[in-house]
Amino acid sequence: MITKRKVFFAWQADKEKQWLEDLAKQGYVLEDIKLFTYTFSKQEPQDLVYQFDFQILSKANEAEYLELFEDWTFIKRFGGWYYFRKPKDSTNTNEIYNDNISKSAMFKRIIGFLALVGFPLYYQVIFVFPNMESNRLAYPNFYFFLRIIVVIFLVLHLLASLRIFAVYLSYKKKISE
Amino acid sequence: MDKIIERLSPLTEASFYILLSLRKPMHGYGIIKAVEEMTNGRLHLAAGTLYGALQNLQKYECIELYSFDKANKKKKEYVITDSGTKLLNYEIVRLENMIRHAKGYDMK
């Protein structure tokens, strides 16, 4: 087992897939995933395809969901992301979504999730911080550091939302054509 | 019922073939295989696409869980409902009309 550290953001899924598929060609097969940490087993070099799905599922629904992936190896759930791999084949079975409606629906779920987790961030920045006495926000108070962290997350969140919204719109456009 | 037709018609290719397969109860992965067989391998329902379509058809009560043997039920099976059958019939007539209208069209 070897471990690699690497950072990919939600909108870099294609880059992440490419990285994993290149490693499979060198014989490194993804077995586990934690925050920024990928664990691989060493096997024969092979052509694999990786696919990621975003789902928020209850335990019961998850079982029902995973039953459909009999052709795939389910690697790991990481947050709302489900990681799958399988040997690449020449037919039309290398994707877990094969129409634009279901592709756009996945991005819609991500947008919903981002809206939910984003709400407290924006609430903090728009309502809480401006109404605070300025000395509480001064260095080295707790709120000084909290504000920096919140602003960093907010920028990342904004970036993710815009990127993902753009992808969503591109699929939406394909549907109406 | 009209509301379901209004909302779901025209059916996606995936939903159409799911309804067609579920005239008899089947578990999810069985649908993938059945549709492949029916279309001689032309149409492969991707697992994620199938899951979304099953959720959607369940939401509109066009299909339901079929619990024939609850105790021994390892995999969930689905089956078409009455509304699902009506939707499927509506869709078949619609498609037949389209083909009829295109008769006499010179494909050259």
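**Notebook: two helices, one contact, chain B**

H3(A) and H4(A) are roughly antiparallel to each other, and I wanted to see why. I looked up their packing: helix H3 (100-128) of chain A and helix H4 (residues 142-176) of chain A meet at an angle of about 155 degrees. I checked the handedness next, and the crossing of H3(A) and H4(A) is left-handed. Sorting the contact of H3(A) with H4(A) by class, I got 19 nonpolar, six polar and four charged residues.

A reminder to myself: this is a predicted model.

Then I turned to where the chains touch. I found 18 residues from chain A and 15 residues from chain B in the contact. On the chain A side, helix H2 (59-66) and helix H3 (100-128) are the elements that give two or more residues. H3(A) supplies the largest share, three residues. By class, I have eight nonpolar, four polar and six charged residues down for that side of chain A.

Last, I went through chain B. I looked up its secondary structure and found five helices and three strands. Starting at the N terminus, I read the order of its elements as α-α-β-α-α-β-β-α. The C-alpha trace of chain B spans about 55 × 35 × 20 Å along its principal axes. I noted 108 residues in chain B, of which 32% are buried. For its contacts with a separation of 6 or more, I wrote down that 58% join residues 24 or more positions apart.

Methods. Residues are numbered from 1 along each chain as its sequence is written. Chains are lettered from A and ligands numbered from 1 in the order in which they are written. This is a predicted model: local features need pLDDT of at least 70, side-chain atom pairs count only at pLDDT 80 or more; totals for chains, interfaces and linings use all residues. Two residues are in contact if their C-beta atoms, placed from the backbone, lie within 7 Å. Helices (H or I, at least four residues) and strands (E, at least two) are DSSP runs, numbered from the N terminus. Ala, Val, Leu, Ile, Met, Phe, Trp, Tyr, Cys and Pro count as nonpolar, Asp, Glu, Lys and Arg as charged, and the others, Gly among them, as polar. Axes are lines fitted to C-alpha atoms, for helices over the stretch in contact, and angles run from 0 to 180 degrees between N-to-C directions. Angles under 35 degrees count as roughly parallel, over 145 as roughly antiparallel, 65 to 115 as roughly perpendicular and the rest as oblique. A crossing is left-handed if the near helix is turned anticlockwise from the far one by less than a right angle, and right-handed if clockwise. A residue is buried if 20 or more other C-beta atoms lie within 10 Å of its own, exposed if 12 or fewer, and partly exposed in between; C-beta atoms are placed from the backbone.
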